[in-house]
Amino acid sequence: MQRQIFTEEHDAFRETVRAFLAKEVLPYYEQWEQDGIVSRDAWLAAGRAGLLGLAVPEEYGGGGSTDFRYSAVLAEEFTRAGAPGLAIGLHNDIIGPYLTGLATDEQKQRWLPGFCSGETITAIAMTEPGAGSDLQAIRTTAEDKGDHWLLNGSKTFISNGILADLVIVVAKTTPDGGAKGLSLIVVERGAEGFERGRNLDKIGQKSQDTAELFFNDVRVPKANLLGELDGAFLHLMTNLAQERMGIAVAGIAAAEHLLEITTQYVKEREAFGRPLSKLQHIRFEIAEMATECAVTRTFLDRCIVDHSDGTLDAVHASMAKWWATELQKRVADRCLQLHGGYGYMSEYKVAKAFTDGRIQTIYGGTTEIMKEIIGRSLLA
C-alpha cells in the first residue's frame with residue numbers, strides 16, 4: 001500500500017539519511033561491531049549532516065522541528081541499514097525532550113549546542129541492578145549538601161554509557177518519597193567519583209556501547225538539577241510515549257525489511273529442483289507475514305501522524321510498541337527458519353537482525369508492562 005504520511009521534505013530528508021549511512025556508517029560498521037563501540041567521528045558527522053537535535057530550537061543549532069515524521073524516517077533507515085549501534089534515536093527522541101522541555105535557559109546554552117553538533121553524546125541512567133521497570137526500587141541517592149548534590153549509587157544497561165559526555169541520572173532526593181521522591185540529576189564527563197564499568201557483552205547490537213555506571217560521592221552542582229525537585233516520575237512518564245514510538249517504528253521497519261530480503265531469497269534458493277517460492281507452505285508463510293506487516297504498518301503510520309500532532313496517548317503508544325516489536329520478533333524467527341542453515345550464519349542479514357532485534361520487546365518497557373498499561377486503562 002502506498003504510504004501517505006510523508007511530504008517531499010520528508011522524502012528529501014530520507015535521501016540525506018541514506019547518503020549519510022552510505023558514507024559515514026556502513027563502511028566502518030563491521031569494525032565498530034568488533035570494537036564494541038562506534039567512533040566519535042560518526043557522531044560529529046551526524047551533527048554536520050543535520051541529523052542531531054531535530055527538535056532542538058535553531059538558536060542552539062538544532063532543526064527546530066517537532067514533526068516526529070523526521071525521527072520516523074531516521075529510525076526506518078537506520079533499521080533497514082542494520083545499523084542500530086549509532087544510537088541517534090536515543091539521543092534525539094529520548095534524551096532530547098528532557099533537555100528542550102525541562103532545562104533552564106542557562107542549561108540549554110551549556111548543553112544543547114554540543115548536543116546538536118555531536119560533540120556532546122548523551123545517555124539516561126535509570127535502570128539499576130535491582131530496579132528496572134519498578135522506579136520505586138531505585139536506590140541511587142542524591143543528597144542535598146547546600147551548594148551541591150552528593151550522588152551515590154550504580155546503574156546498569158546504560159546505552160551510550162561509555163561514550164556519553166552528559167548523563168541524566170534518576171536519583172532519590174527524598175528518601176521516603178517512593179517514586180515521587182525521585183529527581184533528574186545531570187552528571188557531566190570528568191566528574192570526580194563518576195566511573196564507567198564494563199562495556200557489556202550483548203548477544204546483539206555489538207557496536208552500541210552499553211555500560212555499567214558507578215557514582216561514588218560525586219559532587220554535582222545544584223545547577224545540574226533538571227526539571228522539578230522530586231519531579232522525575234512525572235517527567236519520565238511524559239516522555240515515555242515518544243520513546244516507545246521510536247522503538248515501534250524500528251520494529252515494523254525491521255519486519256518489513258526482513259520480509260523483503262526473505263521473499264527474494266526464497267525466489268532464488270532451490271530445493272528439490274525448484275525454487276522454494278514454488279512450495280505452498282513457503283507461499284503461505286510469506287502471505288501471513290506480509291499481511292501482518294501491512295496491517296501493523298497502517299496502525300503505526302496513524303500513530304506517527306497522531307504523535308506529530310501531539311494527540312497520541314500513552315495507551316496507543318504502548319499498543320504500538322507491544323505489537324510492532326512482537327511482530328518483529330516473530331518475523332525474524334520465521335525468516336531465519338526460511339533461510340535454513342544459511343540463516344544461522346552471521347554474514348547473512350537475517351541472522352544479524354535476529355540477534356540485534358531481540359532486545360526490542362524488552363527495553364523501553366517490556367511487552368508485559370505494555371499489556372499492563374493497556375489493560376489497566378480499559379478496566380479502571
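Y344 is exposed, with a relative accessible area of 68%. Exposed means over 50% relative accessible area, buried under 20%, and partly exposed in between (1.4 Å probe, protein chains only). The model is predicted, so local features need pLDDT of at least 70, side-chain atom pairs count only at pLDDT 80 or more, and totals for chains, interfaces and linings use all residues. Residues are numbered from 1 along each chain as its sequence is written, and side-chain values use heavy atoms, without hydrogens and water.

Y344 sits in the loop between helix 9 (314-338) and helix 10 (349-356). Helices are DSSP runs (H or I, at least four residues), numbered from the N terminus. Together, Y342, Y344 and M345 make a nonpolar surface patch of about 350 Å². Such patches join nonpolar side chains within 5 Å, from residues with over 30% relative accessible area and no salt bridge. A salt bridge is a side-chain nitrogen of Lys or Arg within 4 Å of a carboxyl oxygen of Asp or Glu. Areas come from the Shrake-Rupley method with a 1.4 Å probe.

Helix 10 also has buried residues: V350, A351 and D356. Their cover includes helix 7 (232-268) and helix 9.

The structure holds one cavity of 30 Å³ or more. The volume of the largest cavity is about 60 Å³. A cavity is a set of points on a 1 Å grid where a 1.4 Å probe fits but cannot get out; lining residues have an atom within 4 Å of a point. The lining consists of Q328, K329, A332, A353, F354, G357 and R358. Helix 9 and helix 10 each give two or more residues to this lining. Helix 9 gives the most, with three residues.

Note on methods:
Patches are made of residues with over 30% relative accessible area and no salt bridge: like charges are joined within 9 Å, nonpolar side chains (Val, Leu, Ile, Met, Phe, Trp, Tyr) within 5 Å. Contact means heavy atoms within 4.5 Å. On a 1 Å grid over the protein atoms alone, a cavity is a set of points where a 1.4 Å probe fits but cannot get out, and a pocket is an open set with protein on both sides within 12 Å along at least five of seven lines; lining residues have an atom within 4 Å of a point. Grid points are joined across faces, edges and corners, and a volume is the space filled by probe spheres set on the points.
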